[in-house]
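Visitor: Hey, can you walk me through the salt bridges in this one? I'm new to it.

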Amino acid sequence: MATMFGLNTFYLKLFLSNIKHKDDGWSHTTLSLISGGLSGATTLCMFYPLLFCQTHLAAHVGPLVDREYTGLLDCIQKTVHTNGVRALYTGFAIAANGMVINKAIYFGAYYSFNKTILDHSNSLVSIDEKDIKLPFWIRFGTAQVSTYLSQLFSYPLDTIGRMLIVQTAQEEKLYLNARDCFTKLWKSQGVTGLYRGMLPNMIRSSGSALILVLHDEFKWILSKMGLFGGEIQDD
């Protein structure tokens, strides 16, 4: 998570150093979304094998002696020994698409929502606050909306990715690829199959929204102390 936030800050500075939302809102919003998507994709490239193992370990429950894998290293060793290193990246393409969509909205929509409010007079924001930053409760609200939207648009791809990961340990593969997985899920369960298990994620999203706002707050405090460079989203 820390890596992703750091990468998003890096991409924001790279793409938005000379663009202000009030001067070119569409370009600012587009590049904010791209920055968020790139931060998610870069992080996934770095840590996907861990996500692969996490999904496998979570799917194998019961007494330790009956489990296929006893831990993280055991999962990696057996997977590489049986199917090669490439197997650790099973489902990566569909997961990357889902991650790009998720983090583009999670980061990009959050910053864009806040900038839109800042750039227009609003009774929710006092003149003094408008010149500095939005109140905490408004930023938490925009973070929560952004988090809900990111889950809504990316969850079906996450579901397909997890199902492709889980079947790697099976001798007989149920799905040939991501497209085949989507088609079979849609025919057998409809849209509910693609969004199965989403409710707990939506409930947990409040924590993700809070982290987003606290990270924003922490960077703002550091910038006021002179320990952090100029804030991109405050331009």
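Visitor: What do the side chains of Glu217 and Arg139 meet in?
Guide: They meet in a salt bridge, 2.7 Å from N to O. That term means a side-chain nitrogen of Lys or Arg within 4 Å of a carboxyl oxygen of Asp or Glu. Glu217 sits in helix α9 and Arg139 in helix α6, so the pair ties together parts 78 residues apart in sequence. Helices here are DSSP runs (H or I, at least four residues), numbered from the N terminus.

Visitor: What kind of model is this, anyway?
Guide: It's a predicted model, where local features need pLDDT of at least 70 and side-chain atom pairs count only at pLDDT 80 or more, while totals for chains, interfaces and linings use all residues. Residues are numbered from 1 along each chain as its sequence is written, and side-chain values use heavy atoms, with hydrogens and water left out.

Visitor: Which side chain does Asp216 meet in a salt bridge?
Guide: That of Arg139, at 3.9 Å from N to O. Asp216 is in helix α9 (residues 198–224) and Arg139 in helix α6 (residues 136–166), 77 residues apart. Asp216 is buried too, at 9%.

Visitor: And what about Asp158 and Arg162?
Guide: Their side chains form a salt bridge at 3.1 Å, N to O. Both lie in helix α6, 4 residues apart, about one turn of the helix.

Visitor: How many salt bridges are there by this rule?
Guide: The count comes to 5.

Definitions and conventions
Helix = DSSP H or I, 4+ residues; strand = E, 2+ residues; numbered from the N terminus. Buried < 20%, exposed > 50% of the residue type's maximum accessible area, 1.4 Å probe, protein only.
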